[in-house]
Structures are given as structure tokens and as C-alpha cells.
Amino acid sequence: MMQNKRKKQSKMRWWAVAFWLLAWQILSMQIGQEILIVSPVATGKRLIWLICGIRFWKIILHSTIRIMGGFLLGIFAGSSAAVLAFRYKRIEELCYPMICVMKTTPVASVIILLLMWISSGNLSVCIVFLMTFPILYTNVLEGLQHLNPKLNEMAEVFELPVWVRLRWIGIPQLMPYIKAGCALGIGLAWKAGTAAEVIGISGGTIGEKLYQAKIYLETADLLAWTTMILVMSYLFEKLFLGMLDMAGERLKRIQISDSGKTDEVKNVPVKEQQDIILTHLSKSYGEHCVIQNLSRTFPRGQTTCIMAPSGAGKTTLLRLLMGLEVPNSGRITGMDGRKKSAVFQEQIFGEDLSVYANIRIVRKRKLFEPEKQEYEKIKTELEAVGLLDCMDQKVKELSFGMRQRVALVRAFYADWDVLFLDEPFRGLDRSTRELVMEYTKRKCSGKQVLFVTHDAEEKKLVIGK
Ligand SMILES: Nc1ncnc2c1ncn2[C@@H]1O[C@H](COP(=O)(O)OP(=O)(O)OP(=O)(O)O)[C@@H](O)[C@H]1O
């Protein structure tokens, strides 16, 4: 259905191109002066004649290397500067006026200014660099500022290493911003690059040919070379964005090796169980005091249920225990050095990653080459909560209740000493809820779990009283 629609759309586009070519041909025949408006047929003939010569390809290669070189330098430097500006406020403040100037100064002024300092041969590289840099800087910085903080919190709780955060959480979120910047940058690179070649009259470039066409009033030449610029710009955009897409998809995937090795999980000694003790704990948001002078002990090796009215501060308490909030006063003991896992109140996932990848990344071991065995293990867990055959589906394609079950499986799959469950059975129908509660009860047995719920029946079924 979707493919048919795309085919139809592409067919329509070709018809539109044919329509404008025909209009152009008719107009040029009406005017009848090839110098003023050369016909598409004459332009096509000239282009074919040019394409047949080796010199043509040398010129194209020469300009392409310079323009694409400037573009690659621009995206690399722009993205790196954006990361630094995001990390250090001072750098962002320092870059701000420079970026504003780079964005607003007319290209012609920059070209003339640069011509005073550098040779015309290097002019297009510099101009393209200066055009691409602010675009990538702005886009990547915008992307970094819109990174989902909840995903960061998830990474904190599961203590994911930096490279895992970068590969499976950061880059997938940044990719749309990078792609948009590159698409805009490539178009501008060809326009500004060839303009620099024309003004600088750099030898052996497309720009020089455009300049000569103007001097000798060779309108067919002018349009033939312009057509080539359009084609190159279009091809490079498709090629570059296609490569980015491929790299993005590769980064998101986790290869599953069928090495047949046995799973050598070293039995990590279980951290000695401890009680979690809250002493005079208080937490306020501005004037609003959510938790006041709370002292409580959550015993080791047990599931403790936390029930209180909506807005009483249950989620805030779990966030304090997970280290995502800092108390205003009081103390929490018994959490130091213990591995945490959680089903969060919000559903926090790498939306574009598969269910398998979302679950797999919280167990950091051998991530680069996970065993087939690991895959089967996760599959079995998912089957236990009624999720058959959704391992390779993207999380964003799942229903609310399915996502909730994936969150639960992920929480149990991580290595953990203490587990926080914040209303984990939301969005489940009665029979699925019973299945999932039974699974939860089995997994929690003998371990330290803090379980927030509104439902007395859930409490009874999971902790048995
Ligand atoms: N980041 C925040 N900034 C300001 N106020 C907040 C913030 N987070 C929570 N609160 C406030 O703290 C109070 C307790 O919120 P919390 O989410 O902990 O309640 P809850 O008991 O989990 O509620 P529910 O059962 O409805 O999920 C609420 O009044 C809420 O508005």
C-alpha cells in the first residue's frame, strides 16, 4: 500500500519534470534567441558533448574534492564544537556571536574577504567549510539540548557505560538533527562552493567554466554546467544521507553470534543484603514539601509494598532511593554500591531500538558479540509475560501494555541488588495482569524490591499479604 503510494508519487514527480522541460522548450522556441534562453534540447546536446570528454570529468573531480572536502571538514568541526558548547556553557557563549556572524554575512562578502588572504585554489574549501560549520553546529547543539533526560536517568540507574549510552541512546536521538543539517549543508556547499570558484576564477573548476560561459555568452555551456552542479548536489545528498542511514541502523543493531560457546557467566558474588534505612528524610520542590521527616526501614530480602494516595510522593521517594533526586535533609543508608534496576513510572526506551536491544543493553556483558544463548534467554522471558515474536520489533511499534511488559522484563534481566517497581502493571487486561503478576512474584522472591501500587489486589498477589 505504502509502496504503491510512493511509486505513484515518484511517477507524478517525473511528469512534473517533463511538464517544465516542455514549457522551457516552448518558451525558448517562442523567444527564438538562443543567447537569451537556450532550449533544453540544445543544453542536453551540449551536456552530452561535454560528458564525452575526459577534461569534463577532471573538472568535476577537481571541484568535487574541494567542495566535499570543505563540507566534511565543516560537519566534523561544527559537530565537535557543538558537543563542546553543550558540555561547557562558556564555549557556547563564546561561539554565539561568531555563529550569528557566520550565518548572516553574505557569501559574496566572505569570498572577497578571503580572496585577500588565501589563494583562489583553496577558496571553495574555506567557503564551504564556513557555510557548513554553523549549520551543523546549530543542529547538533539543538539535538543535544533536546536529548530525552529520562533516557539519561534510565542509563544512570542501570549504570550503563559511556559507550553504550553513546551508541544506543545518544546517537539514535541525534541522528535526525545530524541528517537535517547534512541535507541542508550539501545543497549550500555546492551553491557557495561554485560561487567561490566563479568569483575566484579558480583554474580547472566548474566555477571557471561558468565564468567563461558568461564571458563568451555560451548560454548552453552555462546551463550544461549548472545542470551538472544540480546533479552532483542531488547525488551527493542521496549518497551521504543513505550512508548516514546505514551507519545509524548498524549502530542500533546488536549482532547475534552463533558461536555455540557456552555462556561463561562468572558467578558474581551476591552483594551482602542490607536493610535500606531512611532517617528523617525530607524533600521539597520549591515551597511544596512532598516528603517530610520520613523515617522507615525497608528490610533486606523482602518485597515491600508502598501504598499511598495519588500525589503523596511515592515516585519521589523511589527517585530519592535511586539517586535521581537529592533530599533536602535526612539520610538514606543501605544503597551505597548496590546495583539498581527499575520499572519507571514513565515508559523509558530507546524508541527506535528493537525490544531485544532495549533489554540486552542493560546487561553490559559481551555486548559487542552477544551469544545466541542470550537471545534465547530474553525470548523465553518475553514469552513468560505473553510477548511472543516481538523480539525484533521496534519498541515504538508496541502498545502501551506491551511496552509495560518489556519494561518489566528489562528490569528483571539487568544485574540488580535492589529493584524499584513504580506501578508496573498499568495498562494490562485482567488475564495478562495475572500472568505478569505471577511472573513478578516468582522473580522477586527472596530479593529486595520496593513496589509502588494503588491496588490492594496487586499487593496481595505479588507479596502474598
Ligand atoms: N520535578 C518536580 N517538580 C515539582 N514538583 C514535583 C516534581 N516531581 C513531583 N512533584 C510534585 O510532588 C508531588 C508528589 O509527586 P509524586 O509523583 O511523587 O506522587 P505519587 O505519589 O507518585 O503520585 P501518583 O500516585 O499519582 O503517581 C506532586 O504534588 C508533584 O506535583
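Trainee: At what angle do helix α8 and helix α10 pack, and how far apart are their axes?

Mentor: In this predicted model, helix α8 (residues 162-200) and helix α10 (residues 219-252) pack at an angle of about 170°, and their axes are 10 Å apart.

Trainee: What makes α8 roughly antiparallel to α10?

Mentor: The angle between the two helices is about 170°, and angles over 145 degrees count as roughly antiparallel, which is why α8 is called roughly antiparallel to α10. The residues of the contact of α8 with α10 divide into 16 nonpolar, four polar and four charged.

Trainee: Why is α3 called oblique to α4?

Mentor: The axes of helix α3 (residues 54-87) and helix α4 (residues 89-104) come within 5 Å and cross at roughly 130°. Angles under 35 degrees count as roughly parallel, 65 to 115 as roughly perpendicular and over 145 as roughly antiparallel, with the rest taken as oblique; a crossing at roughly 130° therefore makes α3 oblique to α4. The crossing in which α3 passes α4 is left-handed.

Trainee: Which residues of α3 and α4 meet, and how do they divide by class?

Mentor: From α3 come Ala-81, Leu-84 and Ala-85, and they meet Ile-91, Glu-92 and Cys-95 of α4. By class, this contact of α3 with α4 has five nonpolar residues, no polar ones and one charged; Glu counts as charged, so Glu-92 is the charged residue of the contact.

Trainee: What is the handedness of the crossing of α3 and α6?

Mentor: The crossing of α3 and α6 is right-handed. The axes of α3 and helix α6 (residues 120-145) come within 6 Å and cross at roughly 35°, and the contact of α3 with α6 has 23 nonpolar, eight polar and one charged residues.

Trainee: What makes β2 and β4 edge strands?

Mentor: The open sheet of three strands has the order β2-β1-β4, with antiparallel pairing. β2 (288-298) and β4 (329-333) each have a single partner strand, so one side of each is left without a neighbour in the sheet, and that places both at the edges. From one strand to the next, the twist averages 20°.

Trainee: How many residues lie between β1 and β2 in their hairpin?

Mentor: The hairpin of β1 and β2 has two residues between the strands, and Gly-286 in the turn has a positive phi of about 60°.

Trainee: What is the strand order of the sheet of four strands, and which strands are at its edges?

Mentor: This open sheet has the order β3-β7-β6-β5, with parallel pairing. Its edge strands are β3 (303-306) and β5 (340-343), each of which pairs on one side only, and the twist averages 15° from one strand to the next. Within this sheet, strand β6 (residues 418-422) and strand β7 (residues 448-452) run parallel and are joined by five bridges, with Leu-419 opposite Val-449 in β7.

Trainee: Which helices lie across strands of this sheet?

Mentor: α11 lies across β3, β5, β6 and β7, running at about 155° to β6, while helix α14 (residues 400-413) lies across β5 and β6, running at about 170° to β5.

Trainee: Which helix gives the most to the shell around the ligand?

Mentor: Helix α11 (residues 314-322) gives the most, with three residues. The residues surrounding the ligand are Tyr-285, Val-290, Ala-308, Ser-310, Gly-311, Ala-312, Gly-313, Lys-314, Thr-315 and Thr-316.

Trainee: How do the residues of the shell around the ligand divide by class?

Mentor: They divide into four nonpolar, five polar and one charged. Tyr, Val and Ala count as nonpolar and Lys as charged, with Gly among the polar residues, so Lys-314 is the charged residue of the shell.

Definitions and conventions: Residues numbered from 1 in each chain as written. Predicted model: local features only at pLDDT ≥ 70, side-chain atom pairs only at ≥ 80, totals over all residues. Near = placed C-beta within 6 Å. Axes fitted to C-alpha atoms, helices over the stretch in contact; angles between N-to-C directions. Left-handed = near helix turned anticlockwise from the far one by under 90°. Contact = placed C-beta atoms within 7 Å. Pairing = 2+ DSSP bridges.
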